[in-house]
Amino acid sequence: MSSRLIDYTLHLADTTLILSQRNSEWCGHGPILEQDIAITNISLDLLGQSRNFYQYAASLIGGDATEDSLAYLRKEREFKNLLLVEQANGDWGQTILRQYLYSQFQYLLFEKLQQCNDEQLIAMAAKSIKETAYHVRWSSEWVIRLGDGTEESHSRMLKAIDELWRYTGEMFMPAGYETIVEVSSLKNEWLQKVTNIFAEATLPVPEKVFMQAGGKEGKHTEQLGFILTELQYMQRAYPGAQW
Amino acid sequence: MKNFIRKFYYGDIPEEKSGGGSYQTVNDTTNWPLWEVFIRSKQGLDHKHAGSLHAADAQMAIENARDVYTRRMEGVSIWVVESKYITASNPDEAGELYEPAIDKVYRHPTFYDLPDEVNHM
């Protein structure tokens, strides 16, 4: 049980860390100042969540493990994040669609996580779900705004869906260690909510797309290597460096 | 209100990878309108002017205000109003508007003794 719990906590930590890192790439480059602040705010929320999960994982692992060693010194194949969150930012539409697809899932996940039998995970989910509720609200409004916007924004959202949809199936395919929440049971509700938002955004919900998977087990797309190269550079180049 | 947004890039990510739109030549039809933001810091106090921001509509203005002005727990309530709906007094008319009040000290309630317990006066 313990090693499953560690792997699962790391899966939650890695997913939030990598999405945070991706979103933070927008810092200073947002389409407008206010949205630059909004996306980096979300990035910081996710970073805070990942720190909680890493600290808990480190305490379960014991020994020399710390939140930093888990984030900065594990290799690509050891990361258990979802493939969806490591995908490139693309344009603003692709970034907010990635955020929406994940946040909508994360909200349902944290609801269920609050009913699991691990007190720490319950507390972390309860603390984070308000942030997540806001992420869902913010990103879904952007999906509607762009999907039901101009011809240009609509076609960009179609392209973003084409790019990202194939990575959504993995969220609902449980990994071997993923026994704490039955993710496959979240699929219908997630799809229903996404369908409602897409309908308002005049966007089609894709059917019969082959779903990529493997991230939870450490098999990633080429994107993750580049992210870790940047994320881990300082600790690799100057081991033990501190602020 | 032309060209009031200027973007400065301080990162080393090349422009074509940044994903951001280019705002060098913003014109009035693509610009988001300006909104004034009022924040109530706690229940019972008035909404105070906090600043202004750009947003496409009122809903986005509220959310932007949440992200820009209430990140450090500054507020419990937000009002936004599009800046163009605010009518302001003309500074050139300050003389006739305000100066006549200067020598009328009797309009101040300073001739009353207030108990110490009364705050916020």
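Predicted model: local features only at pLDDT ≥ 70, side-chain atom pairs only at ≥ 80, totals over all residues.
Local features were taken at pLDDT of at least 70 and side-chain atom pairs at pLDDT 80 or more, while totals for chains, interfaces and linings use all residues. Residues are numbered from 1 along each chain as its sequence is written, chains are lettered from A in the order in which they are written, and side-chain values use heavy atoms, without hydrogens and water.

Across the structure, 10 aromatic pairs are found over all chains, a pair being two rings of Phe, Tyr or Trp (its six-membered ring) with centres within 6.5 Å, called stacked with planes under 30 degrees apart, edge-to-face over 60 and tilted otherwise. Phe53(A) and Phe110(A) make a tilted pair, with centres 6.3 Å apart and planes at 55°. This pair joins helix α2 (residues 33–61) to helix α5 (residues 92–113) of chain A, across 57 residues; helices are DSSP runs (H or I, at least four residues), numbered from the N terminus. Phe53(A) is buried at 1% relative accessibility, where buried means under 20% relative accessible area with a 1.4 Å probe and protein chains only. Phe110(A) is likewise buried, at 1%.

Trp92(A) and Trp138(A) form an edge-to-face pair, because their planes meet at 90°, with centres 6.0 Å apart. Here the link runs from helix α5 to helix α6 of chain A, 46 residues apart. Trp92(A) is buried at 8% and Trp138(A) at 1%.

Trp138(A) also lines the largest cavity, together with residues including Gln35(A), Met60(B) and Glu63(B). α6(A) gives the most to this lining, with four residues.

Methods
1 Å grid on protein atoms, 1.4 Å probe; cavity = no way out; pocket = protein on both sides within 12 Å on 5 of 7 lines; lining within 4 Å. Helix = DSSP H or I, 4+ residues; strand = E, 2+ residues; numbered from the N terminus. Buried < 20%, exposed > 50% of the residue type's maximum accessible area, 1.4 Å probe, protein only.
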